[in-house]
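Reader: I am new to reading protein structures. Could you take me closely through one part, the salt bridges, and then show me what surrounds them?

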Number of protein chains: 2
Amino acid sequence: MNADFEDLQARLAEHNDLLSAAMLLRWDQATYMPEGGNAARGRQIATLERLAHDRLTDPALARLLDRVTPAAEREGDGSFPARLVRVARHDVDRATKVPAKFVSAFANHRADLYERWTRARPANDFRSVAALLEKSVEMSREYAGFFAPFDHVADPLIDLADPGMRAASVRTLFAELRGEMVPLVEAITRAEPADDRCLREVFPEADQLAFGIEMATRFGYDWKRGRQDKTHHPFMIKFSLGDVRITTRSRPNYLPEALFGTLHEAGHAIYEQNIDPRYEATPLADGTSAGLHESQSRLWENLVGRSLPFWKGQYPRLQERFPAQLGGVPLDAFYRAINRVERLPIRTASDEVTYNLHIIMRFDFEVELLEGKLAVADLPEAWRERSRTDLGVAPATDADGCLQDVHWYDGHVGGAFQSYALGNLMSAQFFDAALRAHPGLPEEIEAGRFDTLRTWLGKNVHTHGRARSADEIVLAATGSPLSPAPFLGYLRDKYGALYGL
Amino acid sequence: MNADFEDLQARLAEHNDLLSAAMLLRWDQATYMPEGGNAARGRQIATLERLAHDRLTDPALARLLDRVTPAAEREGDGSFPARLVRVARHDVDRATKVPAKFVSAFANHRADLYERWTRARPANDFRSVAALLEKSVEMSREYAGFFAPFDHVADPLIDLADPGMRAASVRTLFAELRGEMVPLVEAITRAEPADDRCLREVFPEADQLAFGIEMATRFGYDWKRGRQDKTHHPFMIKFSLGDVRITTRSRPNYLPEALFGTLHEAGHAIYEQNIDPRYEATPLADGTSAGLHESQSRLWENLVGRSLPFWKGQYPRLQERFPAQLGGVPLDAFYRAINRVERLPIRTASDEVTYNLHIIMRFDFEVELLEGKLAVADLPEAWRERSRTDLGVAPATDADGCLQDVHWYDGHVGGAFQSYALGNLMSAQFFDAALRAHPGLPEEIEAGRFDTLRTWLGKNVHTHGRARSADEIVLAATGSPLSPAPFLGYLRDKYGALYGL
C-alpha cells in the first residue's frame, strides 16, 4: 500500500506540475509576454496540457487507483487517502471517458467559433455564428453522451463546474429564486434610483490600485504567497498553494471597476491560499466547485465589500485618498451609489440584485437548447422576450443580447453559467452561518478587523480543498443544504433599508 | 521519409516546449514570483526537465534518427534535414551516454556544494568546501568517462559549452593570448590610470534604464519579441524565437552597471532574435556555442559600446539625460573612464584588457585539477601565485580568490570558463571582418546607425543557429580560423591610443 500510494502521489504531482506550468504560461501571456511570443506560446500550452492529459489517462494510473482503493477506504471515508483516491478517480474517469478524437475536434471547433464571435459581436451579426453555435449544442450533447446514463443531458456538463449538482437540483433552486427575485427587482426599480455620479469622477490609477491592495491585505490576502498584476480581464490563478496570484484592471473614471474587482479576485485567492497545505501537488489542492469558488469572491466583494459596516470603517480612508472626488460625499450617498440597482441588459454591468436573473435566464436557455426545445435560430428573440419579462428591459441589439457573453462561443453549451448564481446563494448562506457563530462580526468589520470571518471561512470552507464536495461543505458549515432563503433575506434586508420598501 | 521526418520534428518540438516552459518558470522565479512559490517551483522545474530528458533519451527517438539519417544526408551536408539530424543526434548521444543515476547524484552533490559555498564565501572559509569540491573534480572526471575515448579528460566538458573545441585547441589559443597579454597589461598599468569618478555620481535608476533601452533599441533589439525586467543577476532568456527577454540591474552610484549590462544582454538577445525562423521549435534554434554567444554580447558591449565612435554620437544624449552629473565632463574624459584598466583580483569587476587573464588562469586550473596535477587543497595558494604573476595583484582573501566564482561550486570543474575568453577573441575577429566588408562602419556607428553591422552579423552569424558550428561560422564569416590576433590588434590600437603606449 505505502509504495503504491507514494507512486500514486508522484504521478498526480507530475500531472499537477504540468498543469501548473501551463497556468504560468497563460499568466505570462496575459501579463508580460511580448506579442511575438504568441504563436509558440499557444503550442507550448497545448503540449503541456496534452502531456498532462496523457498522464491522467495512462492506464497504469487507473490500475494503481484500483490497487490502492481498498486500503484507502479502510482508512475511513473522510481520510486523506480515501478522499484523494475518490477525487483522482473522478478526474481520471472524466478524462478517460472522452475520446481524444472528440477533445481535439471540439478544441478546433471552439477556436473557430470563438474567432468568429470576436467579429460577430461588434458587427451585431448573430447569423454569422448561428450554424457553429448549433454545432456546439450538438457537440455538448455528444460530450454528455460519454457519461451516460444520466438523468438529464445537462448533468455531465453541470458536473464539470459544480460536481454533484444536477439540472433538476439547479432548476428547483432557480425556480424558487426567480419567483422571489422578479417582484423584488420590480419593487426596487420602482423607487428613485441611486445617484452614482460620485463614482464617475477621475480617480488616478495608482491610488485606485493602492486602496484595493490595502483592502485585500486587510481581508487576509497573503502577499508573500501572491501578487497582483494588470490584465485586460481580471482573474485569479494558482501555481501552487504558495503562489496564488490575482490580476486587476482599472478605469480612470469609474471607481468600482478596480476596487470591487480586486476584492472579488482576492476572495478567490484567499480561498486557495487557505487550502490544507497537506494537499499540495494533489488534485485535492483546488477549489471544490466553481459555485463554491464564486461564493468566496462574492462574499468578500458584496457581503463585506458593499456592506454598510465595512464602509463605516473604511470610507474615511477612501476619502483621504480621494479628497477632491469624495471629500464632500457623505457615507450614506456613497453607500447608495455602490449599491445602485438598475435594469440593464448586460450581465457583467449588473448589480447584485438583478445579476441572478441574468444567470437563470442563461441556464434555462442552455437546458432548452440541449433538450432541443429551443432552436439556436430562435435564441435572439427568446432572449429579448425573457429579458423583458424578468429584467424589465430588452437589449436593443443581439450584441447586447445573446452575443454578449463569451461562454457558449468558447466552450460547452450547458453548465457554463449556474455557478455564478449558486455562488451568490452560498455566499449569503455562509455569511449567515458565520454571523450565528460570531454575532459581533459586523462590529469587527466596521473596526476593520476581518480575521474572525476569514478564520471561520478557512476552517469551515477553505481548508477542505476538493476533499469535500460543495454540498458537504455547505451542509457542515451552515447546518442546512443550499437554499435561496439566506440570499433572499440578505437582499430584502439590505435593499429594503436602502430603498425604503 | 516525410512522415518520419515530421514525427522527428514533432518529438523535438515537444522536447523544446518542455524546456521552454521550464525556462519561463525560471524567469518568473527570478523576476516576479512571490517567495511562497519557491518550494513548488523547484519541483515543477525538475518535473519539466526530467520529462524533457525522458523525451530526448526515448529509444524510439534514437531509432527514428537512424531511420531518417540516410535520406537527410542525401539532401546535402548543409541542408536543413542533414543539420537537424546531426544536431539532434549530438544532443541525444549526450543525454543518453550519461546514466540517469549519475545525473541525479551529481544534481544532489551540486545542490549541497552550492549551499555550502553560499556560506563559505562570505566566511572566507575555503576548507569548508574543499572536500566537496574534490568530489566535484572526481565526478567531472567520471562524467568525461562516459564519453571515452577522448584526447583529453577535459574535452567532453569543454564540448558541453563549446562543441568542437578541445583542451588542446583552447590551450594553443590561450598560450598565444597570454604571452602577449601579460606584457600589455604591464605596459598599460604602468601609465597613469584613468579617473572614473564621473561614473560614480548618483544616477537615478529610471534614467539609467531608459538610456539602456534607447541604446538596445538602436542596436536592433526587437521589443515586440522581447522585454526587459529587473533581476539580481542580469541574463538573457528565450522562450521562442519570438520571445527573447533580457534582464538588468542598476546601481544608483555606478553608471556602467546597468548601461553595459543592458548592451551585453541585448547583444545575446539580438543573436537569438535573428536565428532563421525556419528553425523554430527545433534544436537548431539556439546559439551554437557559449563562446560564440559571448562574442555577440561582448561585440555590442565592448567593440561598439565602449568605442570612441559610438560615444562621439551618443555622449551628447547621455549628457542630456544626466546634465548635473556629466554636463561638465568632456567626451574624452568619459571615454577614458569607461575604459579604465586596473589590476583587480575580481573577474566580474575587471576590464576588457585584464579579463582574459582571469579566464586563462581558471581554465589552466580546471585542466590541472582534472589531470590530477593540482590538488584542491593547493588551489588557494596556486590562485594567489598565478594572480601575482599574470595580473600583478594577489587577492587578500580566498573569498576574493578561488571562492569568487560560482561556476565550480554549482557545476562541473572543467569547461566552465573558456567560453568567456573565446567570445572576446571572436568578437574582435567578427568586427574586423565586418569592417573589411563595410569600411564605413565607424562613421555609421558615430551617426547612431547600427543596421549595417547588425545585418552583417545576422547574415553571417545569427541566422545559422546551431545549424553551423562556431568553427564553421568563424571561418566562413571572417575567412580565417579563430585566432587571438584580431583581439590583440584591437587592444593594442585602442589602449595604445588611450594610454599613449
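**Salt bridges, within and between chains**

Author: Start with one pair in chain A: the side chains of R278(A) and D276(A) form a salt bridge, with N and O 3.2 Å apart. Bear in mind that this is a predicted model. D276(A) has a relative accessibility of 17%. Buried means under 20%, so D276(A) counts as buried. Why do such pairs form? Side chains of opposite charge can pair when their charged atoms come close.

Now widen the view. Over all chains, the structure holds 95 salt bridges. Another one sits in chain A. There, E272(A) meets K238(A), at 2.7 Å from N to O. E272(A) belongs to helix α10 (residues 256-273) of chain A, and K238(A) to strand β2 of chain A. The pair therefore ties together parts that are 34 residues apart in sequence. Are these two residues buried or exposed? Both E272(A) and K238(A) are buried.

β2 of chain A spans residues 236-240. It is mostly covered, with five of its five residues buried. Its partner is strand β3 (residues 243-248) of chain A. β2(A) and β3(A) run antiparallel and pair over four bridges. Two residues lie between β2(A) and β3(A), and the two strands make a hairpin. Across the pairing, S240(A) faces D243(A) of β3(A). As for strands in general, in a regular one the side chains alternate between the two faces of the sheet.

Next, chain B. R55(B) and E14(B) form a salt bridge there, their closest N and O atoms being 2.3 Å apart. R55(B) lies in helix α2 of chain B, while E14(B) lies in helix α1 of chain B. This pair thus ties together parts that are 41 residues apart in sequence. R55(B) is buried, and E14(B) is buried too. Chain B also has a network of salt bridges. Its linked members are D207(B), E214(B), R218(B), R317(B) and R321(B).

Salt bridges also cross from chain to chain. Between chain B and chain A there are eight. One of them joins D28(B) to R245(A), with the closest N and O atoms 2.7 Å apart. Polar contacts are counted as well: 16 residue pairs between chain B and chain A, with both residues at pLDDT 80 or more.

Together the two chains bury about 2800 Å² between them. Of that area, 58% is on carbon and sulfur atoms. On the chain B side, D17(B), Y32(B) and P34(B) lose the most area to chain A. Those three together make up 18% of what that side buries.

One last stop is T452(B). Its place is in helix α19 (residues 451-460) of chain B. T452(B) counts as buried because its relative accessibility is 19%, under the 20% cut-off. Which residues does T452(B) contact, leaving aside its neighbours within four places in sequence? They are H438(B), L441(B) and E444(B).

Terms used. Residues are numbered from 1 along each chain as its sequence is written. Chains are lettered from A and ligands numbered from 1 in the order in which they are written. This is a predicted model: local features need pLDDT of at least 70, side-chain atom pairs count only at pLDDT 80 or more; totals for chains, interfaces and linings use all residues. Side-chain values use heavy atoms; hydrogens and water are left out. Buried means under 20% relative accessible area, exposed over 50%, partly exposed in between (1.4 Å probe, protein chains only). Two strands pair if DSSP finds at least two bridges between them. Buried area is the accessible area (1.4 Å probe) that two parts lose on being put together, summed over both. A salt bridge is a side-chain nitrogen of Lys or Arg within 4 Å of a carboxyl oxygen of Asp or Glu. A polar contact is a pair of N or O atoms within 3.5 Å; within protein, one must be able to donate a hydrogen and the other to accept it, and residues adjacent in sequence count only if both atoms are side-chain atoms. Contact means heavy atoms within 4.5 Å.
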